[in-house]
Amino acid sequence: MLDFYADWCVSCKEMERYTFSDERVRAKLRDMELLQADVTANTAEHSALLKRFRLFGPPGIIFFDREGREIPGLRVVGFQPAGRFAAVLDQAQKAR
C-alpha cells in the first residue's frame, strides 16, 4: 500500500486520526507492506511522483499486488471513514 501524505493536508490528518487508528483497519494493515510518500514540501520531485501515479495531491492511497502491479479499481482519494476503508482493504487482500 502506497499512501501519499502531507502535513498541510487536512484529509490526511483525518485519515490518521479516524481511519488508520481504528482497530479493524489496524488489524487488516498488519498483513500489508506499508509505504508512505510524504509530499509536504511540494518539491518538483514530489510533483513528478504525484504525476507518475496520476494523483492531483494527497491523500491518495494505491494498492499493489505481490508482483508490484497496481490493483485496478482500488485507489482511495480523499478521506474515507474506517468502515469503508476496511472494506477496501478486504478487496485488496483478495486481489493480492
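A residue is called buried when its relative accessible area is under 20%, exposed when that area is over 50%, and partly exposed in between, with a 1.4 Å probe and only protein chains considered. By this criterion, buried residues make up 42% of the 96 residues in the chain. The model is a predicted one, in which local features need pLDDT of at least 70 and side-chain atom pairs count only at pLDDT 80 or more, whereas totals for chains, interfaces and linings use all residues. Residues are numbered from 1 along each chain as its sequence is written, and side-chain values use heavy atoms, with hydrogens and water left out.

The chain contains four helices and four strands, where helices (H or I, at least four residues) and strands (E, at least two) are DSSP runs numbered from the N terminus. The C-alpha trace spans about 35 × 30 × 20 Å along its principal axes. Of the contacts (heavy atoms within 4.5 Å) with a separation of 6 or more, 64% are accounted for by residues 24 or more positions apart.

Strand S1, residues 2-5, is covered on both faces, with Leu2 and Phe4 buried on one side and Asp3 and Tyr5 buried on the other. In a regular strand the side chains alternate between the two faces of the sheet. Two strands are taken to pair if DSSP finds at least two bridges between them. S1 runs parallel to strand S2 (residues 35-38), to which four bridges join it, and S1 also pairs with strand S3 (residues 60-62) in the antiparallel sense over three bridges.

Residues up to four places away in sequence being left aside, glutamine 80 touches Met15, Thr19, Phe85 and Val88. Threonine 19 lies 61 residues from glutamine 80 along the chain, yet the C-alpha atoms of the two are separated by 7.1 Å.
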